[in-house]
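Let's take a walk through this protein together. Have the sequence and the 3D view ready, and follow along one piece at a time.

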Amino acid sequence: MNVNLIRYSHRMNEVHDDQWPEGWMNVCGIDMNNPQWFPEVCILREGYSLGIQGKIASEMLSQKTTYVAYLVFRTTRDTRGLAVPAKTKVSFGGIEIESENVYLRRPQFQQENYVFPCLRNDGWMEMKLGEFECNEGDDGEVEMAFEEVTQRNWKSGLIVEGIELRPK
């Protein structure tokens, strides 16, 4: 199998706030002028902590390939609480790669080691979660995560499309 791109919806991921689960809302067709890959997105209306996790079986991926995982999202005009440090993680085959000081929105004061999302050609933003290699004989699940659970401030206005895997 030769896989060039894998995208999967937030419905296949865990998008949660343990303290305020009703803060998330599923919405169909948010922007008819900009086609989406998924017919539905997930919007954070309000919540304290933010955790987005995804898993995929390695059998669905091409062997002898290095993949990069991205969180694909947008923010609303009234976004708040997303300019706080978070971390990303990708785990596969006993190897776990974490990144810290990752921000969905730029904070007022910035440092050199801060990581920010990039604007894509389709109008969505993407945040690199990490990368991993899929080789012959590898089996199991690839786990990917974006987590902000330390600030405990109100967050709102995040629109999650899903996680995208692309060969490096």
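Start at S58: setting aside neighbours within four places in sequence, S58 is in contact (heavy atoms within 4.5 Å) with F92, C134, D138, D139 and G140. This is a predicted model, where local features need pLDDT of at least 70 and side-chain atom pairs count only at pLDDT 80 or more, while totals for chains, interfaces and linings use all residues. Residues are numbered from 1 along each chain as its sequence is written, and side-chain values use heavy atoms, leaving out hydrogens and water.

So where does S58 sit? Look in the loop between β5 and β6 (65-80); strands like these are DSSP runs of E, at least two residues, numbered from the N terminus. A polar atom of its side chain lies 3.5 Å from the backbone oxygen of D138. S58 and G93 are 35 residues apart in sequence, and their C-alpha atoms are 9.7 Å apart in space.

Now step back to β5 itself, residues 50-57. Six of its eight residues are buried, so the strand is largely enclosed by the rest of the structure. β5 pairs with β11 (residues 141-148) in the antiparallel sense, over eight bridges; pairing takes at least two bridges found by DSSP. Along this pair, K55 stands opposite E143.

What about β4, residues 40-44? Five of its five residues are buried, so β4 is largely enclosed too. Both faces are covered, with E40, C42 and L44 on one side and V41 and I43 on the other. Three bridges join β4 to antiparallel β12 (residues 156-167), where V160 stands opposite C42.

Terms used:
Buried means under 20% relative accessible area, exposed over 50%, partly exposed in between (1.4 Å probe, protein chains only). Helices (H or I, at least four residues) and strands (E, at least two) are DSSP runs, numbered from the N terminus. A polar contact is a pair of N or O atoms within 3.5 Å; within protein, one must be able to donate a hydrogen and the other to accept it, and residues adjacent in sequence count only if both atoms are side-chain atoms.
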